[in-house]
Amino acid sequence: MSRPRLVSDHDVFAAFDAAIAEHGPNGVTLGLVAQRLGVTAPALMRRFGSKQGLFAAFMQQQLAAQPDMLRALVDTQADPMQALLALSGHTRPYSMKRAAYLRHLASFFLQLADDPALVPVIAKWFEGERGWMAERLSEALATGALKLNTPVPELARTLQAALHGARLQWATGGKGTESAWSRREMDAVLGPWRK
């Protein structure tokens with residue numbers, strides 16, 4: 001009979017997330033994550049196999065949690081346009097600091113380069129976000145908030161690119177907060193299509 005786990009996957013992922021933000025991709029080890037959790041590195045090794053395995057499990061968890069996260073944005077906003085713009089402010093605590101955001105971005109791309117199996121996982125995450133954006137745009141179109149000739153699929157792609165591009169621009173020299181910077185760029189994309 002296997003021993004019960006002392007920490008949940010959620011706790012492990014939170015510690016891993018925070019460690020990347022603080023130390024960057026090259027500074028994070030299973031030992032460092034284990035120290036944050038009060039467990040041993042071999043325990044994490046048995047559970048995830050390697051740091052790469054932990055990252056893959058972390059990304060799978062992010063994909064699984066995405067629908068609930070996006071649903072919550074809709075539930076807390078008055079209309080679909082506000083739900084879309086609220087996405088600009090939905091970030092982890094590390095995203096409030098430029099260096100931490102860039103460390104996460106570096107880790108993200110390094111892991112993708114080292115593990116091609118992660119590419120379809122990330123593609124599915126972006127596809128889910130883009131589909132959610134298209135749904136909110138369709139709702140806004142139906143309620144009269146957007147012009148009748150609004151190209152919903154194309155606008156969803158452009159809006160997604162604006163959001164993630166704005167975050168990178170902010171991290172490399174943008175003024176103010178990340179959410180305000182991203183919201184401004186999303187507003188600029190949506191502006192020509194508003195009624």
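**Around the helices**

Guide: Let's begin with T150, which touches L141, L155 and W193, leaving out residues up to four places away in sequence. Keep in mind that this is a predicted model.

Visitor: Where is T150 found?
Guide: T150 sits in the loop between α7 and α8.

Visitor: And is T150 buried or exposed?
Guide: T150 counts as buried because its relative accessibility is 8%, and the cut-off for buried is under 20%.

Visitor: Let me zoom out. How many helices and strands are in the protein chain?
Guide: The protein chain has nine helices and zero strands. Along the sequence the pattern reads α-α-α-α-α-α-α-α-α.

Visitor: What does the C-alpha trace span along its principal axes?
Guide: About 60 × 40 × 30 Å for the protein chain.

Visitor: How much of the chain is buried?
Guide: Of the 195 residues, 40% are buried. The protein chain exposes about 10400 Å², and carbon and sulfur atoms supply 59% of that area.

Visitor: What about the charges, how many positive and negative side chains are there?
Guide: There are 22 positive and 17 negative side chains, with the centres of the two sets 4 Å apart.

Visitor: What do the buried residues of α8 pack against?
Guide: Their partners are α5, α6, α7 (119-142) and α9 (178-190).

Visitor: What span should α8 have for its number of residues?
Guide: Helix α8 covers residues 152-171, and at 1.5 Å a residue its 20 residues should span 28 Å. The end C-alpha atoms of α8 are 29 Å apart, which agrees.

Visitor: What comes just after α8?
Guide: G173 is there, with a positive phi of about 135°.

Visitor: Now α9, what should it span?
Guide: The 13 residues of α9 should span 18 Å at 1.5 Å a residue, and its end C-alpha atoms are 18 Å apart, which agrees.

Visitor: Which α9 residues are buried, and what do they pack against?
Guide: E178, W181, S182, M186, V189 and L190 are buried in α9. The buried residues of α9 pack against α5, α7 and α8.

Visitor: I also clicked on R136. Is it buried or exposed?
Guide: R136 belongs to helix α7, and it counts as buried because its relative accessibility is 6%.

Visitor: So which residues does R136 touch?
Guide: Not counting residues up to four places away in sequence, R136 touches V74, P80, A83 and L84.

Visitor: What is R103 in contact with?
Guide: Leaving aside its neighbours within four places in sequence, R103 is in contact with I20, A21, E22, H23, G24 and P25. The C-alpha atoms of R103 and A83 are separated by 28 Å, and the two residues are 20 apart along the chain.

Visitor: Last stop, H90. Where does it lie?
Guide: H90 lies in the loop between α5 (80-86) and α6 (98-114). H90 counts as partly exposed because its relative accessibility is 37%.

Visitor: Which residues does H90 contact?
Guide: Apart from its neighbours within four places in sequence, H90 is in contact with M69, L73 and R167. R167 is also one of the buried residues of α8.

Visitor: How far is H90 from S179, going by C-alpha atoms?
Guide: Those C-alpha atoms are separated by 7.8 Å, while H90 and S179 are 89 residues apart along the chain.

Notes:
Residues numbered from 1 in each chain as written. Predicted model: local features only at pLDDT ≥ 70, side-chain atom pairs only at ≥ 80, totals over all residues. Heavy atoms only, no water. Helix = DSSP H or I, 4+ residues; strand = E, 2+ residues; numbered from the N terminus. Buried < 20%, exposed > 50% of the residue type's maximum accessible area, 1.4 Å probe, protein only. Areas by Shrake-Rupley, 256 points an atom, 1.4 Å probe, with all protein chains shown as cover. Lys, Arg positive; Asp, Glu negative; His and termini not counted. Charge placed at Lys NZ, Arg CZ, Asp CG, Glu CD. Contact = heavy atoms within 4.5 Å. Expected span 1.5 Å × (residues − 1).
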